[in-house]
Each structure stands twice: as structure tokens, then as C-alpha cells.
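User: I would like to learn how to read strand pairing and helix packing from a structure. Could you take me through an example?

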Amino acid sequence: MLFRNVAELVELAESKQVKIAEIMIQQEIEVTGLSREEIIAKMDRNLTVMEQAVERGLNGVTSVSGLTGGDAVLLQKYIQSGKALSGNILLDAVSKAVATNEVNAAMGTICATPTAGSAGVVPGTLFAVKEVLNPTRMEMIEFLFTSAAFGFVVANNASISGAAGGCQAEVGSASGMAAASIVELAGGTPRQAAEAMAITLKNMLGLVCDPVAGLVEVPCVKRNAMGASNAMTAADMALAGITSRIPCDEVIHAMFLIGQSMPSALRETAEGGLAATPTGRRLEAEIFGKKN
Amino acid sequence: MKYRSAFDIIGPVMIGPSSSHTAGAARIGRVARTLFNRLPKKAVISLYGSFAKTYKGHGTDVAIVGGLLDFDTFDERIPTSLQLAEEAGMEVVFQVEDTVTEHPNTVRINLYDDQSDLEVVGISIGGGTIEITELNSFELKLSGEHPAILVVHNDQFGVISAVTQILANHEINIGHMEVSRKEKGKMALMVIEVDQKIDQEIMKEIEKLPNVTQTIRMVD
């Protein structure tokens with residue numbers, strides 16, 4: 001292993017004067033024994049899957065339960081109306097994140113990043129910033145390797161599972177990964193990427209996993225929307241030179257400890273939070289009363 | 001380190017909506033299919049815990065049947081697998097069980113045809129990762145991620161070393177191995193996960209050994 005935490009990752013990229021993405025690729029070569037070309041081709045295929053999922057979601061889909069679908073389309077129309085307040089790139093990222101998760105809920109093909117429930121944030125932000133930064137295909141592939149590097153640290157030092165660590169571990173991790181990748185694609189330094197990850201994750205701490213009827217739909221789709229906007233904002237803050245007072249690795253460790261002390265009702269059991277609201281319970285009864 | 005590859009984080013490519021309830025379920029079905037080695041005539045699928053409660057909404061049912069049809073996690077035929085199974089001549093029965101299992105996402109799959117039957121219990125432990133925990137009432141631990149050899153044999157001395165000697169002769173490294181038995185001196189099962197590909201010829205060599213009654217090859 002070349003790195004075990006964010007500090008080591010950043011130091012390595014700085015001393016070698018390469019991108020974080022390059023460190024991840026080098027580690028992958030070392031661990032798997034595959035060639036650089038094979039590894040890049042594999043990530044290229046994942047990128048194509050993400051591209052197709054976004055496209056499909058922007059054309060409008062509906063889930064099996066009927067709980068989710070069509071919001072990505074609404075948002076795109078709203079952007080086109082020219083009345084959007086938050087800025088078109090930000091809302092484009094949000095709509096593309098939503099698009100991916102709507103496809104996921106409709107049993108479409110997606111690439112888990114890092115999980116299926118949080119699969120919208122990384123591609124959503126990538127395909128939005130693509131419109132302004134005009135990256136090459138290779139730079140887009142590198143975006144995913146940078147995300148992988150930060151996700152790798154979280155997965156091994158904390159968790160990327162809602163059942164283990166709540167939504168902070170899923171959408172929280174995905175948002176931190178995306179923020180770091182945006183910074184790197186925009187020309188920021190490895191250290192700024194780590195700052196963006198820390199700033200994002202700090203604002204996702206404590207987020208519970210409380211899916212209505214146990215389905216990966218409500219609130220998961222909209223959590224991906226907010227994850228994408230959180231990532232975009234944090235990336236801009238880091239690029240502006242703002243740093244996190246708490247270092248990234250310590251934020252990740254805090255997330256791990258928060259996950260451990262989170263009650264089981266709020267970790268993907270559909271027993272607490274939004275799942276246990278009167279409407280959540282009514283929807284659950286409607287879906288399973290109708291289908292089972 | 002629990003996660004080793006960039007593709008554990010960016011991946012797998014899969015049919016939604018859930019890495020544990022859909023992708024993992026499809027993987028369990030596919031391992032069962034590989035162990036059975038052909039399309040079964042009939043499949044009885046018993047769902048436990050969270051699988052039993054949420055299988056319709058997560059598509060756990062179509063994912064398992066898709067796996068039994070040898071579909072990978074990203075196969076777009078998964079949503080229509082029930083119909084495809086019927087067309088292929090496989091009868092599918094679902095049973096929702098109340099029994100509390102050790103892991104919340106547990107499924108028992110019984111496969112039948114004119115020649116034989118097979119019982120597999122699998123659990124989906126998160127992010128699409130699975131374990132096979134039972135095979136024909138033998139307890140075992142099989143990830144399905146590596147090539148593996150399963151050997152049913154009489155519980156007698158020398159069988160294990162004879163099998164591993166054959167693997168050594170072919171320069172095949174063992175990554176994980178375990179042996180279980182139903183009763184002392186009766187039937188036993190060896191599960192050997194290996195790093196290299198296993199040729200059919202090696203399987204034939206193992207089958208010829210005294211006290212070996214059945215072998216199953218699992219290719220990744």
C-alpha cells in the first residue's frame with residue numbers, strides 16, 4: 001500500500017509532484033498486478049456507464065414503487081427557464097446527481113460510487129463541471145481515480161456503508177470524494193483537494209440512514225442532490241484558499257466514531273427517522289400492501 | 001485493509017437500486033448456478049430477514065433469478081428475469097420465511113433437475129459483497145470472488161493431502177481452505193479457494209482419488 005490516510009496521500013502527491021489520481025493509479029498497478037492500460041480502460045468503462053445513466057435520467061424515469069423519478073427533468077427545465085437562483089453549474093450538478101439515483105431506483109444500470117445509494121454525487125458533479133472546464137477523456141478518468149483515492153481512505157479507516165455508519169458514510173463519503181476531485185480537475189493542489197474533502201465531510205457528519213420502506217429512494221435521491229451541491233460549494237471554498245481547521249483524517253475518524261454511536265434504528269433498518277414518520281409508514285404500507 | 005482496489009470504491013457496475021439487496025442477491029444466485037453447473041428445472045428461493053421484508057421493492061427476487069440464469073450484476077435482463085426464467089423452462093417458487101437468521105440479508109436456494117439437487121445458503125454483507133455459508137447442509141465460507149474447488153469426500157486420513165498434492169504438482173497456490181464434516185468418519189466437504197485457473201484435467205485427477213465422491217469447480 002502506498003498510502004493509508006489522507007495525509008500520506010497528499011504528501012506522496014506533493015513529493016512526486018503528481019496528481020492524487022496518479023498515486024491511485026500507481027497503487028492499483030501495485031495491488032492488482034494489472035497494467036496501467038488495463039486499469040485505465042476499466043475506469044473508462046465505468047465512466048461510460050455513469051455517462052449513460054445521467055443521460056437516461058435526464059430523459060425521465062420512474063421507479064418500480066413510484067416514489068421517485070422525474071425530478072432531474074424538472075430541474076433541467078427550471079435551469080433552462082433562466083430563473084434559477086443558485087447558479088446553473090451548481091443546479092446542473094444537482095440535476096445530474098438526481099438523474100443517476102433516479103435511474104438506480106428504476107433498476108437501471110449505474111456504477112456504485114462508493115455505493116448504489118450514493119451513486120449520483122460523483123458523476124453528477126463531474127458532468128456538470130465538464131461543461132465549464134472542458135476536460136479531456138483522460139482527465140475525466142483521473143477525476144474518478146481521485147475520488148477512488150479519497151473513498152479508499154474513508155472505506156478503510158471509517159465506513160462507506162449506511163448499515164454500519166449511516167448516510168454520512170454513503171452520501172457523506174461520496175460528497176467528500178467528489179469535492180476533492182472537482183478541486184483537482186479545476187487545477188487545485190493535492191492539499192486543496194484534501195481541504196475540500198474535509199470541509200464537505202464536516203458538513204455531512206451525523207447524517208442518518210433512514211430510507212422509507214427500506215427502499216433506496218426516499219430520502220436517498222434528494223440526499224444525493226444536496227451531496228452534490230455540498231461538494232461544489234466546498235470545492236469552491238477550497239479553491240478560494242479556505243482551509244479546514246480540523247485536518248481531513250481527523251474528520252474521517254470523527255465520522256467513524258459518530259457512526260459507531262449511531263443507534264441501529266438510524267442505520268438502514270427503516271425503523272427510525274423519516275422511515276418512521278406517519279407518511280413514511282403510510283407509504284411503506286401502500287407499497288408492500290400492494291405488492292406483497 | 002478491508003478494501004484494496006480503486007474499483008471497490010468506483011464500482012461495481014450494477015443494476016439498481018441496492019448494492020446489497022440487488023447486486024449481492026444476483027451474485028448469490030449466480031454462484032448457486034455455477035455450483036449447480038447448468039440451468040435447473042426448478043428453483044425454490046427462501047428469503048429471510050431484510051430480504052424477506054423488502055425483496056419486491058429492491059428487486060431482490062429478479063436479481064436472484066437473474067443470477068440463476070447466469071446474469072452478472074450489470075445485466076440489463078435482470079428486471080425481466082422472471083419472464084426469461086419461465087421461457088427458459090425454469091420453475092421459480094418464492095418463500096418468505098419468518099425465522100430469524102444470523103445475518104439480516106439471507107437467502108436459501110434449492111435447485112432441482114432430473115439428475116440432482118443442490119441447496120445453497122448465501123448472505124449479502126454489504127456493497128455487493130457476498131458469502132456462501134451453507135452447501136447441502138455443510139457449513140462453509142465461500143466468497144465467489146476467486147476460483148475454487150469443492151470436494152465432497154469420505155472423512156478419512158490422507159484425502160486432504162492427496163488433493164493438495166495434486167494442486168501443488170500443478171503449481172496452484174491455495175488462498176483459503178476449509179474442511180467440514182457432518183459426522184466423524186462420514187461425509188466431508190473441502191473448500192479450496194485458489195489464485196490460479198483450474199483446468200478440467202486437474203478436476204478429473206482429483207475425482208479419481210480414493211474416497212473422493214464428488215467435485216465442483218467454481219470459476220470466477
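User: How do β6 and β7 of chain B pair, and over how many bridges?

Analyst: Strands of a sheet pair through backbone hydrogen bonds, either parallel or antiparallel. In this predicted model, strand β6 (residues 129-135) of chain B pairs with β7(B) in the antiparallel sense, over three bridges. One residue pair to look at is B:L135, whose bridge partner in β7(B) is B:F138.

User: Which helix packs on the sheet, and which strands does it touch?

Analyst: Helix α2 (residues 19-36) of chain B packs there, touching β4 (105-112), β5 (117-126) and β6 of chain B, and its direction makes about 155 degrees with that of β5(B). The sheet itself is open and has six strands in the order β3-β2-β4-β5-β6-β7 (chain B), with mixed pairing; β3 (91-96) and β7 (138-142) of chain B are its edge strands, each pairing on one side only.

User: What angle do helices α9 and α10 of chain A make, and how far apart are their axes?

Analyst: Two packed helices are described by the angle between their axes and the distance between the axes. Here α9 (residues 167-185) and α10 (residues 190-202) of chain A pack at about 150 degrees with their axes 8 Å apart, which means that α9(A) is roughly antiparallel to α10(A), as angles over 145 degrees count as such. The crossing of α9(A) and α10(A) is right-handed.

User: Which residues make that contact?

Analyst: On the α9(A) side they include A:G172, A:A179 and A:V183, and on the α10(A) side they include A:A193, A:M197 and A:L201. By class, the contact of α9(A) with α10(A) has eight nonpolar, five polar and one charged residues.

Notes: Residues numbered from 1 in each chain as written. Chains lettered and ligands numbered in written order. Predicted model: local features only at pLDDT ≥ 70, side-chain atom pairs only at ≥ 80, totals over all residues. Axes fitted to C-alpha atoms, helices over the stretch in contact; angles between N-to-C directions. Helix = DSSP H or I, 4+ residues; strand = E, 2+ residues; numbered from the N terminus. Parallel < 35°, antiparallel > 145°, perpendicular 65-115°, else oblique. Left-handed = near helix turned anticlockwise from the far one by under 90°. Contact = placed C-beta atoms within 7 Å. Nonpolar A, V, L, I, M, F, W, Y, C, P; charged D, E, K, R; others polar. Pairing = 2+ DSSP bridges.
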